[in-house]
Amino acid sequence: MEPLFALLVGALFAVSIYLFLSKHIIRVLMGVAILGNAVNLLIFTNGRLLREVPPVIPVDEATLQQAAANPLPQALILTAIVISFSFFAFLLVLGYRAFQELETDDTDEMRVAEPVDEEAPPLGY
Amino acid sequence: MAAPDGMTIIALGLPFIAALVAPALVRRLGHNAVWALALFPLFVFVRFLEFLPEIAGGEAVTGGFQWAPSYNVSFSWFLDGLSLTFALLISAIGTLIVFYTGGYLKGHAQLGRFYSFIFLFMGSMLGLVVSDSFLMLFVYWELTSITSFLLIGFDHGREASRRAALQALIVTGLGGLSLMAGLLVTWNITGVTQLSLLVGLGEEVRASPFYLMALILLLGGAFTKSAQFPFHFWLPNAMEAPTPVSAYLHSATMVKAGVYLVMRMNPAFGDTVAWETILPVFGGATLLIGSLLAIRQTDLKLMLAYTTVSSLGLMVMMTGFGSEHAAAAGVLYLVAHSMFKGALFMLAGNIDHESGTRDITRLGGLRKLMPISFLAAMAAALSMGGLPPFFGFLSKEEIYYGLWHMDAWSVLFVLVAIVGNGLMFVIGFAIAIKPFLGKEVETPKHAHEAPFLMWIGPATLATGGFLAAVLSPLFHRFVSSPMVSAVTGRPEEITISLLPHIGMPLLLSLITIVFAVLVYLKLDAARAAIAATLAAIGWGPDRGFDQFISGTVRLSRRVTKFVQPGQLDIYMTATFAAVAITLIAPMVIFDELPALPVWPADAEIHELAVILIAFIGLGAVISAKDRLTAIVSLGIQGFAVALIFMLFGAPDLSFTQFMVETLSVVILALVMTRLRLSPADHRPTGQKIVDATVSIACGAGFMLYLLSVTEVPFRSYLSDFFIAYSKTIAHGANIVNVIIVDFRGTDTLGEIAVVMVTGLAILSLIRVRPGWKPGMLAENDPDAPRQEKK
C-alpha cells in the first residue's frame with residue numbers, strides 16, 4: 001500500500017504548494033489546510049500501514065498480543081491536527097482582517113512592512 | 001615568567017580605575033578634579049621609573065600569570081628598554097595631558113567623560129607596550145583603536161567628527177585584524193606566543209616559508225596604526241578631536257604603536273631583503289608625502305598632523321634601514337618627536353584657545369601677549385628642526401650618521417631625509433615664528449597668555465628636550481642605549497652628544513638647514529604650488545574612503561533589495577525551490593533514488609476508492625471556478641484523509657480529522673462569503689508554469705523520500721516501548737491516548753497552550769477597531785513630532 005500513499009502524499013504536497021505560490025491570500029490559506037493533511041499523511045505512512053486494527057490493548061491483556069497499527073505516529077498526528085487547525089483558524093481571521101484593513105487580498109499590494117518606495121539609507125556619516 | 005608583582009599590576013590597572021572614577025570626581029570637584037586625576041598617571045610614571053636601573057643594566061623584566069594555560073595564553077608583561085621608554089613617555093605625557101585638559105576643556109559639560117576616555121586610552125596604550133603575550137598585545141591594540149574612535153568622535157554633534165572617528169576606526173581596525181593574522185602566522189612558525197621568546201627566534205622566523213606572509217600581515221597592522229602611506233589619510237582627519245587628544249594620541253603615543261611594533265619585531269624579522277626594502281620605501285614615501293602635504297596646510301593643527309605623518313615615516317624608514325646607527329637614530333628621533341610634537345600640539349591649542357583661530361595666515365605678533373607659549377614654541381621648534389642645544393639635534397645627527405654610506409641606495413635615502421627634514425624644519429618654525437613675531441594682527445578673541453594648566457605641559461616637554469640633550473650621557477645610559485639594544489637585539493651603546501663632530505653628518509645638517517631656510521622664505525609660493533598639484537591630481541585616499549563607504553552602503557542596499565523584494569510569492573518560490581532541491585539533489589548525487597515501486601497487490605477496492613476521492617478533491621480545489629466548489633472540494637480531500645485514517649487503524653485520528661475538517665469548511669465558508677473573495681486563479685500562464693514546476697518538484701521530492709523510507713525495514717523499538725509499557729506503567733488500554741496524556745503529557749500541555757494562545761489572538765484580532773488607514777503607523781513612530789490631542 002505504501003507506494004500508493006507516497007503518490008497521494010506527493011500530490012497533496014504539490015497541490016498545497018501550488019496554492020501557496022499564489023498571490024491571493026485565500027488560495028494560500030487553502031494551501032495551508034492541505035499542507036496539514038499532507039504532512040500528517042507523511043508521518044502516518046512513515047510509521048508503516050496496517051489495516052483496521054487500532055492499537056488498543058484488550059481488557060484482560062497486559063500488552064498487545066496481535067499486530068496492530070503503529071501508535072506513535074498516531075499520537076504525533078493527533079497533536080498536529082489540532083495545532084494545524086488552530087493555526088488555520090488564526091490565519092483565516094488574520095487574512096479576513098487584513099482584507100478589511102487593506103482592502104486587498106493580493107499579497108503584492110500588502111506592502112506596509114516592506115514598502116515599494118523605501119528610502120535609501122543615508123550616505124553621510 | 002617571574003611571579004606577578006602587585007605594584008606593576010596596580011600600575012597597569014590604575015588608568016582604568018581612573019577612568020571609572022573620573023566622571024564622579026569631576027562632578028564633585030569641578031575642574032579642580034585635575035589635581036586628583038593627575039596623581040594616577042604620576043603614580044604609574046614613578047612605578048616604571050623604578051625599573052630604570054635594572055633595565056639600564058641590560059636586564060629584561062617579565063612577570064604575569066597564566067590566563068588560559070591549556071592554550072598557553074598568559075597575562076604577562078615584558079619590560080626592556082623599548083617598552084620601558086614607551087611606558088615612561090605614555091605616563092609622563094599622560095600626566096601633562098591631564099593638566100592640559102583641565103585648562104583646555106575648563107567648564108566643558110562632558111569633561112568627566114573626556115577624562116574617562118583619556119584614561120581608558122592610557123591604560124590600553126600602557127598595556128600594549130608592556131604586553132608579552134600575543135593575545136594581550138592584540139587586545140590592547142584593539143582597545144587603543146576603540147578609545148581613539150571615542151576620542152575623535154568626542155564632539156559627536158558634528159558630522160566631520162563622526163566621519164573622522166569612523167574612518168580612524170575602520171582603517172586601524174582593519175589593520176588590527178591584519179595584525180592578529182600576522183601574530184597567528186608567527187605563532188604557527190615559531191610555536192611561541194610571547195614576544196620575549198620571539199625576539200630570540202630570528203633564525204627560525206627568517207628561514208620559514210611563511211616569513212613574507214607573516215611580515216606583510218604584521219606590517220599591515222603597523223602601517224595602518226602609524227599612518228604610513230597609503231593609509232596616512234586618517235591621521236590628519238583625526239584632528240577633529242579636541243587638541244589634548246591630538247597631542248596625546250595622534251602625535252605622542254598611539255600612532256607610535258605601529259613604530260613600536262616594527263621596532264619590537266626587528267630582532268626577529270629584521271635583517272632580510274624584504275624588511276630592508278619594504279620599510280625604507282614605505283617610510284621614505286610617507287616622509288616625503290607627509291612633509292609636502294604639511295607645507296600645503298594653513299591650519300596649525302593640520303600642519304602638525306602632516307608632519308607627524310612624515311615623522312612616523314622617518315621612524316619606520318630608519319628602523320628598517322638595517323644598521324645600528326639607523327636604529328639608534330630611529331629611537332632618538334622617536335623620543336625627541338614625542339616631546340617636541342606633543343609640546344607643539346598643545347601650543348597650537350593654546351593659540352587657538354586664546355586667539356580664537358588657528359589659521360596661520362590670520363595670526364601674528366602674539367609674542368608679547370603669550371611670552372611663555374612663545375618660548376616653549378621656539379624650544380620645541382628648535383628641537384624639531386634639529387638644532388642644538390636640543391634633543392632633536394642629536395637625533396638628526398644620528399639619522400645622517402646612520403644613512404650615510406657611499407652607495408646609490410643610501411644616497412637616495414639621504415636625499416629623502418634632507419627634503420623631509422628640511423620641510424619639517426620649515427613647518428616647525430612657521431608655527432613657532434609666524435603667530436608670535438611680526439605685526440600684531442586682529443584675532444577673533446583678544447589674546448593673552450594661556451593659564452598655568454595649559455602652559456605647564458608644553459613648557460615641561462620643551463625643557464625636557466633641552467635637558468635630555470645637555471645631560472645626554474646620563475640620558476643615553478638609562479633610556480636610549482637600553483632601547484636601541486632592545487630594537488637591534490644586541491647590547492648597543494649610544495654616544496652621540498651635543499658636541500658636533502666635523503664630518504659628513506654635520507655637513508648634511510647644514511645642507512638641510514640651508515634648504516629649509518630657502519623654502520621658508522618662499523613658503524607661500526611653495527604652498528600654492530603644492531595646492532595646484534593636488535588640485536590637478538584631484539583624487540586621494542581620503543576621497544577614496546568616502547567612495548568606499550558610500551559604495552558599500554549602495555551595494556548592501558542592492559543586495560537587500562534583491563534578497564528581500566517584499567513580495568510574498570517570491571519568498572515562497574525561493575523557499576519551496578530550496579525544499580525541492582534539498583529533497584531531490586542528495587538522492588540524485590549519491591544515487592539513492594528508490595526502486596521503481598510495484599502496484600500493491602493487496603490494495604482493496606474500497607481503499608482505492610477513498611484514495612481516488614482524495615485525488616478528485618485535490619484536482620477540484622485547483623481548478624475550482626467558484627467559491628462553493630473550492631470549499632466543497634477542500635472538504636472532500638479532508639474527509640478522504642479522515643477515511644484513510646479510519647481504514648488504517650487510527651479511529652482517534654479519524655474522528656478528530658472529521659471534526660476539524662467540518663469546522664474548517666464552516667469557517668472558510670464564513671470568511672469567503674463575507675469577503676466575496678474570488679477563488680479563481682488569476683495567475684498568468686508563465687507564472688503558472690514556474691509555480692507548477694516548483695510545486696511538482698516538491699511533491700515528487702516528498703514522494704521519493706517516502707518511497708525510500710518505506711523501502712527499508714521498519715525499526716519499531718520506539719513504538720514497542722509504548723506498546724509494552726502503556727498498560728503496565730500508565731494503566732491505559734488505548735495506547736495512542738496514553739502517549740498523548742501520559743508519556744508526552746507535557747507536550748500536550750504545550751499544545752493546549754498553543755491552541756489557547758491562537759484563540760486569544762483570534763479574539764483580539766476580531767475585536768480590534770476596524771478602520772486602519774495608511775499613514776496611521778506614523779502615529780506610533782517615536783521619532784515623529786508629538787501631536788497635541790484635541
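## Where chains A and B meet

In this predicted model, the contact between the two chains draws 94 residues from chain B and 81 residues from chain A. On the chain B side, helix H29 (residues 685–711) gives the largest share, with 14 residues. Below is a quick tour of that contact, of chain A, of one residue in chain A, and of a helix pair in chain B.

**The side of chain B that touches chain A**

- Helix H29 of chain B, the source of the largest share, spans residues 685–711.

**Chain A as a whole**

- Chain A has three helices and zero strands, and its pattern along the sequence reads α-α-α.
- Its radius of gyration is 22 Å, whereas the globule rule gives 14 Å for 125 residues, so chain A is more spread out than a compact globule.
- Along the principal axes, the C-alpha atoms of chain A fill a box of roughly 80 × 35 × 30 Å.
- Of the 125 residues in chain A, 52% are buried.
- Among contacts in chain A with a separation of 6 or more, 57% come from residues 24 or more positions apart.

**A closer look at A:Asn46**

- You will find A:Asn46 in helix H2 (residues 25–46) of chain A.
- A:Asn46 has 19 other C-beta atoms within 10 Å; a residue counts as buried at 20 or more and as exposed at 12 or fewer, so A:Asn46 is partly exposed.
- Leaving aside residues up to four places away in sequence, A:Asn46 touches A:Pro73 and B:Val709.
- A:Asn46 and A:Pro73 are 27 residues apart in sequence, and their C-alpha atoms are 8.0 Å apart in space.

**A helix pair within chain B**

- Helix H4 (residues 81–104) and helix H12 (residues 243–252) of chain B have axes that come within 9 Å and cross at roughly 165 degrees.
- Angles over 145 degrees count as roughly antiparallel, so H4(B) is roughly antiparallel to H12(B).
- The crossing of H4(B) and H12(B) is right-handed.
- From H4(B), the contact uses B:Leu89, B:Ile93, B:Gly94, B:Ile97, B:Tyr100, B:Thr101 and B:Tyr104.
- From H12(B), the partners are B:Thr243, B:Pro244, B:Ala247, B:Tyr248 and B:Ala252.
- The residues of this contact between H4(B) and H12(B) divide into nine nonpolar, three polar and no charged.

Note on methods. Residues are numbered from 1 along each chain as its sequence is written. Chains are lettered from A and ligands numbered from 1 in the order in which they are written. This is a predicted model: local features need pLDDT of at least 70, side-chain atom pairs count only at pLDDT 80 or more; totals for chains, interfaces and linings use all residues. Axes are lines fitted to C-alpha atoms, for helices over the stretch in contact, and angles run from 0 to 180 degrees between N-to-C directions. Helices (H or I, at least four residues) and strands (E, at least two) are DSSP runs, numbered from the N terminus. Angles under 35 degrees count as roughly parallel, over 145 as roughly antiparallel, 65 to 115 as roughly perpendicular and the rest as oblique. A crossing is left-handed if the near helix is turned anticlockwise from the far one by less than a right angle, and right-handed if clockwise. Two residues are in contact if their C-beta atoms, placed from the backbone, lie within 7 Å. Ala, Val, Leu, Ile, Met, Phe, Trp, Tyr, Cys and Pro count as nonpolar, Asp, Glu, Lys and Arg as charged, and the others, Gly among them, as polar. The radius of gyration is taken over C-alpha atoms; the globule rule is 2.2 Å times the number of residues to the power 0.38.
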